[in-house]
Amino acid sequence: MATSLIPLSSSFLQPLKFKTLAKPRTPPNLSTTRKITTTCDSQNKNTGASSNPSSRNPNFQKRRKSSKYGTSRRSILKKSFLQEQVTFTARVSEDPQVAIIGGGMAGLVCALNLEARGVKSTVFDTGIHGLGGRLGTRFVEPQGLVFDHAAQFFTADDSRFIQYVDGWLEKGLVREWKGAVGELEVGGSFSQFPPSSPPRYIAVNGMRSLADSLLLESRLANVVRPCWISKLEPLNGMWHLSENGTPRGQFDVIVIAHNGKCANRLLSSSGLPLVAKQMKKLDLSSIWALLAAFDDPLPTVNFEGAFVKGVESLSWMGNNSAKLGNGGTPNCWTFFSTAAYGKQNKVPQENIPTVTSEKVRTGMLQGVEIALGLPEGSLPKPVYTRLQLWGAALPKNTPAVPCIFDPQGRAGICGDWLLGSNLESAAISGEALGNHIADYLQNSEANPEEFAIGLHDRASPLAGHHIGQFPGLTSVGEKHEAEAYQLL
């Protein structure tokens, strides 16, 4: 069921007042829940090198002692999931708190829906400059350059997501992108998407401004950034979160709203093997993003955004200056590589070798020349460039479930990858998990197993553009093929 948005103010342009975490001596007061302590029988935790504790100690199954976690411990899973399942037995707090790790669209919408149901939450995000995850916008001063360096635009097809978009339009957070967008063939042949194509939407001041605005007037959702949650520990019937040894609060329920190797590392020893197993199934692409500013307009360009066809090093090129209505100079462009090029040149994104960055930058700018049909070496030299590797760019497979929730461990996952690879899928997933957790918390007397969802679904391949899916936006080539088939 769709949930109406929390009213937002036009003050979204003002800087957000977030907590700054500079290694405080005492943890911030992130939770006001009562600390519940329970004890119950538990198997001893396996900490040895062997994966079979009973082989080292024949009496292993007979040894029991009180658990310090306020939970009961179950069997140890085999192979890569050698961790015991946490099963909370303590009742949830009278005033439950939810921790949401990840401040992208899925996590933010999850917080909005929890608030609509009267549940408090805290969103932890690693963003230094703002929220959003792949709703990223880079501002370069003093030149005044603006680049959307992740999500370029979005479409709306599902009625639940359309309700969100209508609310954002009413509040001036987003607008329709009416510029020429289409497909670019090698040599500079551009085909614009027809007027019958679904509306394309962008945030008015760059995509990040939308994310930063969603919780501005929230009363029950707190935002903490920059914060990199590094450990989840079940203790005394609650989840205790920490950042490199510094406590960040205790919560009744946790939500993982990001993915990739960081999420896998976080879940690897959390006591949530079923959740970790589902996350581990996710296959992600790698894509290079090149931000480039030019003093003069690019030659032969008659569009604002284009999906590039037939160039290995390039899949998308978009003119941020024209899209955002900044005009003037310099012209700020975002170029994306193909997933194949990203895989071919993949390196640790935290430490990109200089030789790789130079190779990729040169290869992508040469790809621009090829796409536009320009002579080799004739592309104007950019006055500014910045290269970024999205090592976990987009999902290549999906379980096709709105969310994942483990009621025994009181933990869930939301994200676009559970349904697709776009903003719409992220919002729907966040909404589904927020409402599901609220149902769980408000029906604590029910059998917890009734609230298990998505823990055993298989993943299937996911198709789409190199930069994601855009519901309703049909490829020009596919449209022409369909028309030709109809004529036959």
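**Salt bridges**

Searching the whole structure gives eleven salt bridges, a salt bridge being a side-chain nitrogen of Lys or Arg within 4 Å of a carboxyl oxygen of Asp or Glu. The model is predicted: local features need pLDDT of at least 70, side-chain atom pairs count only at pLDDT 80 or more, and totals for chains, interfaces and linings use all residues. Residues are numbered from 1 along each chain as its sequence is written, and side-chain values use heavy atoms, with hydrogens and water left out.

I start with D95 and K120, whose side chains form a salt bridge at 2.9 Å, N to O. This pair links distant parts of the chain, 25 residues apart: D95 is in the loop between β4 (84-88) and β5 (97-101), and K120 is in strand β6 (residues 120-124). Strands here are DSSP runs of E, at least two residues, and helices are runs of H or I, at least four, numbered from the N terminus.

How accessible are the two partners? D95 has a relative accessible area of 31% and is partly exposed; K120, at 26%, is also partly exposed. Buried means under 20% relative accessible area, exposed over 50%, and partly exposed in between, with a 1.4 Å probe and protein chains only.

Next, K178 and E176 form a salt bridge, with the closest N and O atoms 3.4 Å apart. K178 is exposed at 66%, whereas E176 is partly exposed at 32%.

Last, D212 and R208 meet at 3.7 Å, N to O. Both lie in helix α4 (residues 207-213), four residues apart, so about one helical turn separates them. Are they buried or exposed? Both D212 and R208 are buried.
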